[in-house]
Amino acid sequence: MPTPESQELQMRVDDLIGATRKGSLQWKAVNPTTYLWEKTDPAVVGAGARMTLQRVEQNIAQRAAPGRPPTVVRQSFFILQVIEMKPGLGQLLRFAISGVDDHELNGKLQELFQLAASGFSQQGLEFLKSLIRKG
């Protein structure tokens with residue numbers, strides 16, 4: 001049974017999924033396994049927030065029948081970090097969650113990751129189309 005904290009985390013990730021679907025959150029690719037969203041405060045230089053969403057691959061050994069070697073399965077899990085940027089203080093990690101031990105939460109983080117990747121791909125295609133039209 002999910003804990004109240006786990007349910008709250010899932011609801012917040014659902015909020016991020018909804019905002020990403022609507023286009024309110026536009027993710028940028030840092031590399032093929034990490035996406036970044038930033039919001040700066042125009043009134044204060046160096047102030048704002050940053051979220052990173054990362055896919056991590058891990059080899060998991062699974063038990064086998066007696067007398068047989070264990071099998072290794074590659075598994076993905078996702079990490080979401082929320083960072084506050086404050087002038088004079090730099091970047092402060094405010095929140096970090098991992099789906100490594102919570103399959104439901106990991107599934108929601110995976111959905112968010114796929115939406116971020118899809119949105120980034122769509123932005124790239126639009127950019128490519130604009131280059132072709134100009135050429």
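## Terms and model

Helices (H or I, at least four residues) and strands (E, at least two) are DSSP runs, numbered from the N terminus. Thr20, for example, has its place in helix α1.

This is a predicted model, in which local features need pLDDT of at least 70, side-chain atom pairs count only at pLDDT 80 or more, and totals for chains, interfaces and linings use all residues. Residues are numbered from 1 along each chain as its sequence is written, and side-chain values use heavy atoms, with hydrogens and water left out.

## Confidence

pLDDT is the predictor's confidence in each residue, from 0 to 100. The protein chain has a mean pLDDT of 88. In this chain, 93% of the residues reach 70 or more.

Which element of the protein chain has the lowest mean pLDDT, and which the highest? The lowest belongs to α2, at 82. The highest belongs to β2, at 94. Where pLDDT is low, the predicted coordinates should not be read in detail.

## Strand pairing

Two strands pair if DSSP finds at least two bridges between them. Strand β1 covers residues 28-31. Three bridges join β1 to β2, and the two run antiparallel. They form a hairpin, with two residues between them. Asn31 has Thr34 in β2 as its bridge partner. Ala29 stands opposite Tyr35 in β2.

β2 also pairs with β3. Here seven bridges join the strands, again antiparallel. Tyr35 has a bridge partner in β3 too: Leu53.

## The nonpolar core

A nonpolar core is a set of buried Ala, Val, Leu, Ile, Met, Phe, Trp, Tyr and Cys residues joined through side-chain atoms within 4.5 Å. Buried means under 20% relative accessible area, exposed means over 50%, and partly exposed lies in between (1.4 Å probe, protein chains only). How many residues does the largest nonpolar core have? It has 20. Those with the most contacts inside it are Leu25, Trp27, Met51, Leu53, Leu80, Ile97 and Leu109.

Five elements each supply at least two residues of this core: α1 (4-22), β2 (34-40), β3 (48-62), β4 (71-86) and α2 (103-134). Helix α2 gives the most, with six residues. Take Ile97 as one case. Contact means heavy atoms within 4.5 Å. Not counting residues up to four places away in sequence, Ile97 touches Leu9, Val13, Phe78, Ile79, Leu80, Leu105 and Leu109.

## Aromatic pairs

Rings of Phe, Tyr and Trp (its six-membered ring) pair if their centres lie within 6.5 Å. Planes under 30 degrees apart count as stacked, over 60 as edge-to-face and the rest as tilted. By this rule the count comes to two aromatic pairs. Tyr35 and Phe113 form an edge-to-face pair, 5.2 Å centre to centre with 80 degrees between the planes. Tyr35 lies in strand β2 and Phe113 in helix α2, so the pair ties together parts that are 78 residues apart in sequence. Both Tyr35 and Phe113 are buried.

Phe78 and Phe113 have ring centres 5.3 Å apart and planes at 50 degrees, so this pair is tilted. It links distant parts of the chain: Phe78 is in strand β4 and Phe113 in helix α2, 35 residues apart. Both Phe78 and Phe113 are buried. Tyr35, Phe78 and Phe113 form one aromatic cluster.

Is Thr20 buried or exposed? Thr20 counts as buried, because its relative accessibility is 11%. A polar contact is a pair of N or O atoms within 3.5 Å; within protein, one must be able to donate a hydrogen and the other to accept it, and residues adjacent in sequence count only if both atoms are side-chain atoms. The side chain of Thr20 reaches the backbone oxygen of Leu16 at 2.8 Å. Leaving aside neighbours within four places in sequence, Thr20 is in contact with Leu25, Trp27, Leu112, Leu115 and Ala116.

Leu16 is also found in helix α1. It counts as buried, at 15% relative accessibility. Beyond four places in sequence, Leu16 is in contact with Leu25, Met51, Leu80 and Leu112. Leu16 and Lys108 are 92 residues apart in sequence and 9.8 Å apart in space, C-alpha to C-alpha. Gln10 lies in helix α1. It is buried, with a relative accessible area of 9%. Not counting residues up to four places away, Gln10 touches Asp102, Glu104, Leu105 and Lys108.
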